[in-house]
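Here's a quick tour of a chain and its aromatic side chains. Have the viewer open and follow along.

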Amino acid sequence: MALLFLLSLSILPSYTFLLDDTCNTLDCKMDNMMKLIERQQTIIDDQSKRISFLEDHLSTVMKRLEETSSTGVQITIPSFYAVKSRDQRNLAKGERILFETVITNVMKAFDVYTGVFKVPLKGTYAFSWSIAMDNIDNHACFSLVVNDVVFGQTYLWNNGSDAVSTGFSVVEVDTGDDVFMSICNSSQPLGQIISDIYRKTSFAGWCIAC
């Protein structure tokens, strides 16, 4: 019975003393108030310890995340940049343009022997090309081709001593697609593609979002 009575008291609200008819003097009320303040302070101290523990734990987690980020595996972005190292003469419709010297070839996806960039990762890619020709009245049309589909085209008519045709395309491609530059099938070219110290015939590509 005594245990039940104590349990009943323990679950009453902490402000029970305010309603206690037996506590009708100022000293009694002050004494109960001090006890309440002590209990509240104990609760505050306990909560402060818990907050401090959580802050320390969060700090440890953040440090581990920073260490993981600084030493984590970096994402490799497929990209290439190749230039011609010799002239390409006797051009014909549909002829593939070769770029014999590779400057950048991340993931080794560009083949200098075929002039083909074989897409290593599906995604959205940017492709850029600059093609130079010499001699007045030389002309040609150049295509950016993905497999057998033309996605970009530029035309060069040399009405001066030298001329350069530059193009840029953004294309969605799949893994294994072949991307290359070629002479257009629409018109017969005249002249030769050159690359020297003054102008570089080049082809470049990189993944924007893989």
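What share of the 210 residues in the chain is buried? Buried residues account for 33%. Keep in mind that this is a predicted model.

On to the fold. There are 2 helices and 11 strands, and reading along the sequence gives α-α-β-β-β-β-β-β-β-β-β-β-β. Take the contacts between residues at least 6 apart in sequence: 70% of them join residues at least 24 apart. As for the surface, the chain exposes about 13800 Å², with carbon and sulfur atoms supplying 58% of that.

Now the rings. Searching the whole structure turns up 11 aromatic pairs.

| Pair | Centre to centre | Angle between planes |
|---|---|---|
| F80 and F110 | 5.0 Å | 5° |
| F80 and F117 | 4.7 Å | 25° |

The F80 and F110 planes sit at 5°, so that pair counts as stacked, the cut-off being under 30 degrees. With F80 in strand 1 (residues 79–83) and F110 in strand 3 (residues 110–111), the pair ties together parts 30 residues apart in sequence. Both F80 and F110 are buried.

F80 and F117 are stacked too. This pair links strand 1 to strand 4 (residues 116–118), where F117 lies, across 37 residues. F117 is buried, as is F80.

Zoom out a bit and ring pairs link F80, F99, F110, F117, Y125, F127 and F203 into a cluster.

One more ring to look at: the charged end of R96 sits over F180, 4.2 Å from the ring centre.

Conventions. Residues numbered from 1 in each chain as written. Predicted model: local features only at pLDDT ≥ 70, side-chain atom pairs only at ≥ 80, totals over all residues. Heavy atoms only, no water. Helix = DSSP H or I, 4+ residues; strand = E, 2+ residues; numbered from the N terminus. Buried < 20%, exposed > 50% of the residue type's maximum accessible area, 1.4 Å probe, protein only. Contact = heavy atoms within 4.5 Å. Areas by Shrake-Rupley, 256 points an atom, 1.4 Å probe, with all protein chains shown as cover. Phe/Tyr/Trp six-rings, centres within 6.5 Å; stacked < 30°, edge-to-face > 60°. Lys NZ or Arg CZ within 6 Å of the ring centre and 35° of its normal.
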